[in-house]
Amino acid sequence: MDLRLAGKRALVTGASKGIGLAIAQALAAEGCRVDIASRTPAALDAAAAAIRKTAPRAAVEAHCADLAVLADQERLAAACAAADILVNNAGAAAAGGLDETSDAGWRESWELKVFGYINLARAFYREMQKRRDGVILNVIGYAGERHNAKYLIGSTGNAALMAFTRTAGSASPDFGVRILGVNPGYTATDRAEGQLRAFAAKKFGDAERWRDIEKEFNLPFGRMATPQEIADTVAFLVSPRASYISGTIITVDGGATHRNF
């Protein structure tokens, strides 16, 4: 299927590794000009090289930015104002329950993922409204719908982003813009392994037993999703082939959200 993405410009945040890198590679392979953003220059350089290896003819531009910082958000938005597609993907939250989280932990996590997403969405929405065309996709996370008391910061933040995405995306078509989201389930990334290690350290006193935690999750198909599986979903959703999808969140978790056994 031709996704009709050739010639589009897409900004992907948190694109130096994991799901973000896979999304950038998928969009580049479809013919997009890709802007990638992350905090670490060396990781950005490696990601750009990986994208060019996947799509040798792709135009790739790297932007070093800390998207928890308003000035960096504004600078990135100005540099990529002409983007047709924004994929918000930067951010993570520390594990822990209500009595295990700090004020700093809440604020640090939300400045990057909750307010970072919202601020970039607002900035790009203004530009897209003028053109009456554009797509904003938020990569959120299924903890927003399958809440976890031991992942309270992430569950709460993701639920907020789900509400934001659905509400903003219900009105944005009036201006020719689509806003939608993807909720990945557990995906085989460094971040997921880090979360599992934290759970293992808490439960067993040994982070190296993270595979035991993974088995306890009884994951569909006996495994986590791959970053490419998430990226392929995103590539379709931001394409003109999905032109009537807005205010919607697609969960890619193999059915885990409703798996109660």
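Me: In which loop is F221 found?
Reply: In this predicted model, F221 has a positive phi of about 65 degrees although it is not a glycine. Most residues other than glycine have a negative phi. The residue F221 is found in the loop between α8 (210-216) and α9 (227-237).

Me: Is F221 buried or exposed, and what is its relative accessible area?
Reply: The limit for an exposed residue is a relative accessible area over 50%. F221 passes that limit and is exposed, with a relative accessible area of 72%.

Me: Which residue just after α5 takes a positive phi, and what is the angle?
Reply: The loop between α5 and β5 holds R132. At 49% relative accessibility, R132 counts as partly exposed. Its phi is positive in a residue other than glycine. Just after α5, the residue with this angle is R132, at about 55 degrees.

Me: What distance does helix α5 reach from its first C-alpha to its last?
Reply: Helix α5 covers residues 114-131 and has 18 residues. At 1.5 Å a residue, 26 Å is expected, and the helix comes close to this. From first C-alpha to last, α5 reaches 26 Å.

Me: Which residues of α5 are buried?
Reply: An α-helix has 3.6 residues a turn, so residues three or four places apart point the same way. Buried means under 20% relative accessible area. In α5 the buried residues are V114, G116, Y117, I118, L120, A121, A123, F124, Y125 and M128.

Me: How many Å apart in space are K113 and G91, C-alpha to C-alpha?
Reply: K113 lies in the loop between α4 (103-112) and α5, and at 11% relative accessibility it counts as buried. Leaving aside neighbours within four places in sequence, K113 is in contact with A90, G91, V139, I140, N158 and L161. K113 and G91 are 22 residues apart in sequence, yet their C-alpha atoms are separated in space by 4.6 Å.

Me: How far apart are the end C-alpha atoms of α6?
Reply: The 20 residues of α6 should span 28 Å at 1.5 Å a residue. The distance in the model agrees with this, the end C-alpha atoms being apart by 29 Å.

Me: Against which elements do the buried residues of α6 pack?
Reply: In α6, the buried residues are I153, G154, S155, G157, N158, L161, M162, T165 and G169. Among them, N158 and L161 are in contact with K113. The buried residues of α6 pack against α4, α5, β5 (134-139), β6 (177-184) and β7 (249-252).

Me: With which residues is S155 in contact, leaving aside its neighbours within four places in sequence?
Reply: S155 has its place in helix α6 (residues 152-171). At 4% relative accessibility, S155 counts as buried. Beyond those neighbours, its contacts are A143, G144, H147 and N148.

Me: What is the radius of gyration of the protein chain?
Reply: The protein chain contains 9 helices and 7 strands. For 261 residues the globule rule gives 18 Å, and the chain is close to that value, so it is as compact as a globular protein of that length. Its radius of gyration is 18 Å.

Methods:
Residues are numbered from 1 along each chain as its sequence is written. This is a predicted model: local features need pLDDT of at least 70, side-chain atom pairs count only at pLDDT 80 or more; totals for chains, interfaces and linings use all residues. Side-chain values use heavy atoms; hydrogens and water are left out. Helices (H or I, at least four residues) and strands (E, at least two) are DSSP runs, numbered from the N terminus. The radius of gyration is taken over C-alpha atoms; the globule rule is 2.2 Å times the number of residues to the power 0.38. The expected span of a helix is 1.5 Å times one less than its number of residues. Buried means under 20% relative accessible area, exposed over 50%, partly exposed in between (1.4 Å probe, protein chains only). Contact means heavy atoms within 4.5 Å.
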